[in-house]
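Welcome to the tour. Open your viewer and keep the selection panel handy.

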Amino acid sequence: MAWLSNLGVSVPSLITIPADARSDLATEVLDRATKLGSPWVVKPDIAAGGKGNKGYVQVCPTAHGLLEAVRRISEQASEEFGSSGVVIEEYVEGAEWYISITMDEETRAPVLRLSLEGGVGFDPEAAASFCVLPAGGLPPDHRIHGVLDDAGFVDRQMRQAAFDIMVRLASAFVVSEATMLELNPVKWTGQKAVAVGVACEFDVDGRPVASAYRPNARESHSAMSALKGQPTERELAVAQANAAEPNLPAVSFVEVPGGDVALLVSGGGGSLLCFDYLTDKGFRPACYMDSSPGAGVAKRTAALTAGLSVPGIRGALIGSVVVSLADVSESSAALLKAIAVSGCDPEKIPVLARIAGPNEDAARRALLQGAPAVHVVGRESTLEDCCDLLIALVLNQERGGE
Amino acid sequence: MIRDLLDRSEGLLIQGATGRQARMEVEWMQASGEKVAAGVTPGRRGEFMGSVPIYGSVREALIQHDCTVSMNYAPPAYACDAAIEAFEAGIRLVVMSAEHVPLHRLAMALQSARNSGGILIGPNSQGIVVTGVGRVGCPGGMDPWDRFAPGPVAVVSRSGGMTSEIAMLIRAWGWGTSVHLALGGGPMVGTRLAEGVRLVEQDPATQVTVVFGEPAGLQELELAEAIGAAEVKFPVIALIGGRAADTMPAHIPFGHAPRAGNSGTVAFVSQKLEALRRAGAVVVNDTRQLRAELANLLVPRLETSKTARPSSSQSPSTSATDCQ
C-alpha cells in the first residue's frame, strides 16, 4: 500500500500489525484503530488477490469484533500465506470499480482492464473493458480514453480520477516489470478514488534494475507462492543446489504427496508422458522433475537424491527423452552419487535408467560398474516401455523376486 | 516457408555466438552439414569461432552475409533484445534458446516481430528441423540424420525433448517427418501451437501434424478453435502430457510452466482433449496410440502413392518420403 501511495494513488489509512506482534496488544491496537474511526476493515498483510473471496477480509463495526477479527485473520493468514501479519484499514464508503494491468500470456502483451463494477467475486475477464498496451512503454492517451468510453466512465471528475490511476499504474507496471497489478476494488467516494484492494506480482525473471521500482517483499507476496505452502526437505535441498550455481539452468523438482514411484525423467514433456502412463497403470508418481541440458552434475545429483529419498517409494525411473543436448555420462555420474547419498538400495527398490544421448556407452559402463543392480535400457525402449518394465520389476520384487 | 528460408539462405546467423552452449551446438550443426554463415556477439567484432566470423552487430553481419534465419543463444537477460536487433535488421526467423527471459522484453521482441513481419520461435526452444534439408539449433544432437528421416509428418511441440522423441519414433516406425517445431515450454512464447501448426502446414511435404501439448495455458484450446474453424488443412493428432495433473492442486507446476497463468484462466487437460476431439483432431494418450493412429492416416496415403508409382517400394522411410 505504501508503494501504491508513493505512486500517487490514494489508499485507505491503515494500521499494520506485524507477524511478530505481542499477543497483549489489544489496548494499543484499539487506541490506534479509534483514531482511524469505525467501522474497520481487517485483512491479511499481503498484496495477493482473492483474499475477499476466501473470507479473509472482514468489516468490523465494533471494537470487540475488531479484536476477534484480528485474531482470526492472523491465524488464517499464518496458515494460508505463511505470515500472520494483518492490517486494519479505515472503511471507505463508495461505488466499486475494477482496474488492472496484466502481462497476458495469451495475448503476449500487457492488457489493461477497467470496469465500473468491482469487488469480491468480480470476473474481470468476463466483465471489464480492456485494451492491449504497447510493450515496454506507456499507452498513448487516446487508448486509455477508449477504455474509459467502453467502460462507461462519463462523469468528468470520475473519469479524470480513473485516467490518473491508469497512467500511474501503467508507468509502474513498465518500470517494475510487473506481471499483474490489480486494484479491486477502487472505491469512488464521489470526490476521490481510493484503491482499497491491491494485488501485485512481478516477473521473477525481470531485469535486476526493475527490483528498484518494486514494493518490499511483504507487499508483493505472490498469491501463487503463498499457496504453495512449505516445501519438503527434499525440495529445499534441490532449491539449495539451484541457488549454489545461479549461472547454470535450474532443475525443477516437485514432490507429490502419497506417491509410490520416484519419477526422475527429463525433460518436462517426457516426464508428463510417464506421469500419465504410470497413473493409468495404477501407480502414483511421487515427484515430478524437469532438468535443462546445461544444469550440471551437482543439480542433477540433488534432484535424483531428492527423488530417491522420498519415503515409501517402490521403484524409480531415471532417464531422459532423446534430446541429446545433455551429456548422459553426467546423468549416470549424478545417479551413482545420488544412490550413494540417498541410501536407496537398487537391490531392494528397483531402479530403471534409460540412457540415451551423447556418451551413452560410457554412461552405461559407469552404471554397470558402479551400480550393477540398476536396470539400464537404451533409446530402443520408448518411455512407455520403460514404465512397463519398471512396473514389472516392482511387482516382481514385491512377490519376492520369483 | 521455413524450408525455403533454410534452403535459400547463405547460412545461419548465430547470436550470442561465443557462449559455451553456442560453441557446442554450432560445432554439432556444422558436423551435421548445417551452413553457419556468421556469428554476432557485441564487443567481439573481428574474432572467429572456428571458421565462422564474428560481428559486433546483426546489421554489420548482414552487410557481409545473406542470412534470414538467426539462432539466438544470447543469455536470458539479453536474448529478447538480441531478437529485436535481428528483426530490426531484417532477419525473418529467430529461434530463441534461452529460458527464463524477462517477460516485458519478450513482449517487446514479439511486438518487433509483428512490426517486421518476422517469426519468433521460443524462448526456451530447442530449435527447428526441416528433415533432410537442415536445422536451426540442435534437435537430434550430434547425429540428427541418423535419428530423423524425411516424410509427411510434421511435429509441433511445447516440449523440446518430446519433439525429437516423437520424430525419432516416427522414423523407427518406418515413416518420416517434414518439419519439427519446438515452440518452447515457457508460459509466454513467440509462436503458439495453432500458429505453429499453420506454419508447418505450409511445408510442401506435410500431410499430417502431430502435436504435443502441456497442461499450462490455453494454447491447446486455441488450436481446437482453429481446427473447428477449418483454419487447419491437414489431420492433427494430439498428445497432451499431464492428464494425471488434472487431479493435482493447480499450483504444482506440471510441465514447463505453472498451470494457473497470469490471465488466471486454467483449463484442465481433459477439457483440452475434449475440445480437440470435438473439433476433429485425433486424440491419443501415449506414443503407442500415436503409432496406431498415424498408421490409420498414413497407410492409405502410402497405398495410394504405391499404386500411383508401383516401382518405388523401398525402405520404410523412403516409402514415407514417396507419399509426399
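Two strands count as paired if DSSP finds at least two bridges between them. Helices (H or I, at least four residues) and strands (E, at least two) are DSSP runs, numbered from the N terminus. This is a predicted model, in which local features need pLDDT of at least 70 and side-chain atom pairs count only at pLDDT 80 or more, while totals for chains, interfaces and linings use all residues. Residues are numbered from 1 along each chain as its sequence is written, chains are lettered from A and ligands numbered from 1 in the order in which they are written, and side-chain values use heavy atoms, leaving out hydrogens and water.

**Stop one: the sheet of chain A**

Select residues 40–44 and 86–90 of chain A: these are S2(A) and S4(A), antiparallel strands joined by five bridges. Click on Val41(A), and you will find Glu89(A) as its bridge partner in S4(A). Now widen the view to the open sheet of four strands, ordered S1-S4-S2-S3 with antiparallel pairing. At its edges lie S1(A) (14–17) and S3(A) (58–60), each pairing on one side only. From one strand to the next, the twist averages 25°.

Move to chain B, where seven strands form an open sheet of mixed pairing in the order S3-S4-S2-S1-S5-S6-S7. Select S2(B) (36–40) and S4(B) (52–55) to see a parallel pair with two bridges; Val40(B) stands opposite Tyr55(B).

**Stop three: where the chains meet**

Show both chains together. How many residues does each chain bring to the contact? Chain B gives 65 and chain A gives 56. The buried area is about 5100 Å², with 56% from carbon and sulfur atoms; buried area is the accessible area (1.4 Å probe) that two parts lose on being put together, summed over both.

Seven salt bridges cross this interface (a side-chain nitrogen of Lys or Arg within 4 Å of a carboxyl oxygen of Asp or Glu). Zoom in on one of them, Glu165(B) with Arg354(A), whose closest N and O atoms are 2.8 Å apart. Finally, colour H5(B) (103–116): with eight residues, H5(B) gives the largest share of the side of chain B that touches chain A.

Conventions
Contact = heavy atoms within 4.5 Å. Axes fitted to C-alpha atoms, helices over the stretch in contact; angles between N-to-C directions.
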